[in-house]
Amino acid sequence: MLFAEFFRSTNPDALKRPTGLGLPILRRIVQRHGGRVTVDSELGVGTTIRVLLPAADA
């Protein structure tokens, strides 16, 4: 669900959950460059999102 695409809803329960485009766009860009995105999260502490990209050929 974290990387789910943004959508609009008229469902009151769905409107209570935050949605957005940032992470789905990030994941798509990173994947197209041959990388990956990892997420570490701990409730009450915080979240770390890492973008891992392959090294460029020299």
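**Exercise 1. State what share of the residues in the chain is buried.**

Solution. The chain has 58 residues, and 10% of them are buried. Buried here stands for under 20% relative accessible area. The structure is a predicted model. Its accessible surface comes to about 5100 Å². Carbon and sulfur atoms account for 55% of that surface.

**Exercise 2. Describe the order of helices and strands along the chain, and say which element has the lowest mean pLDDT and which the highest.**

Solution. Step one is the count: there are 2 helices and 2 strands. Step two is the order, which reads α-α-β-β along the sequence. Step three is the confidence of the prediction. Over the chain the mean pLDDT is 82, with 72% of the residues at 70 or more.

**Exercise 3. Work out how β1 and β2 are arranged and what lies between them.**

Solution. Begin with the direction: the strands β1 and β2 run antiparallel, and 7 bridges join them. Next, look at the turn. The hairpin has 3 residues between its strands, and Gly44 takes a positive phi near 85°.

**Exercise 4. Find the partner of Arg50 in a salt bridge and explain which parts the pair ties together.**

Solution. The partner is Asp40, and the closest N and O atoms are 2.6 Å apart. The cut-off for a salt bridge is 4 Å, so this pair qualifies. Arg50 belongs to strand β2 (residues 46–52) and Asp40 to strand β1 (residues 36–42), so the bridge links parts 10 residues apart in sequence. The count of salt bridges comes to 1.

Now check the accessibility of both residues. Arg50 is partly exposed because its relative accessible area is 39%. Asp40, at 43%, is also partly exposed.

**Exercise 5. Name the residues of the nonpolar surface patch that includes Leu21, and decide whether Leu21 is buried, partly exposed or exposed.**

Solution. The patch is formed by Leu21, Ile25 and Ile29, which together have about 250 Å² of accessible area. Leu21 sits in the loop between α1 and α2 (22–32). With 41% relative accessibility, Leu21 counts as partly exposed.

**Exercise 6. Give the share of contacts that join residues at least 24 apart in sequence, among those between residues at least 6 apart.**

Solution. Take the contacts in the chain between residues at least 6 apart in sequence; 12% of these join residues at least 24 apart.

Note on methods:
Residues are numbered from 1 along each chain as its sequence is written. This is a predicted model: local features need pLDDT of at least 70, side-chain atom pairs count only at pLDDT 80 or more; totals for chains, interfaces and linings use all residues. Side-chain values use heavy atoms; hydrogens and water are left out. A salt bridge is a side-chain nitrogen of Lys or Arg within 4 Å of a carboxyl oxygen of Asp or Glu. Helices (H or I, at least four residues) and strands (E, at least two) are DSSP runs, numbered from the N terminus. Buried means under 20% relative accessible area, exposed over 50%, partly exposed in between (1.4 Å probe, protein chains only). pLDDT is the predictor's confidence in each residue, from 0 to 100. Patches are made of residues with over 30% relative accessible area and no salt bridge: like charges are joined within 9 Å, nonpolar side chains (Val, Leu, Ile, Met, Phe, Trp, Tyr) within 5 Å. Accessible areas come from the Shrake-Rupley method with a 1.4 Å probe; for residues, only the protein chains shown count as cover. Contact means heavy atoms within 4.5 Å. Two strands pair if DSSP finds at least two bridges between them.
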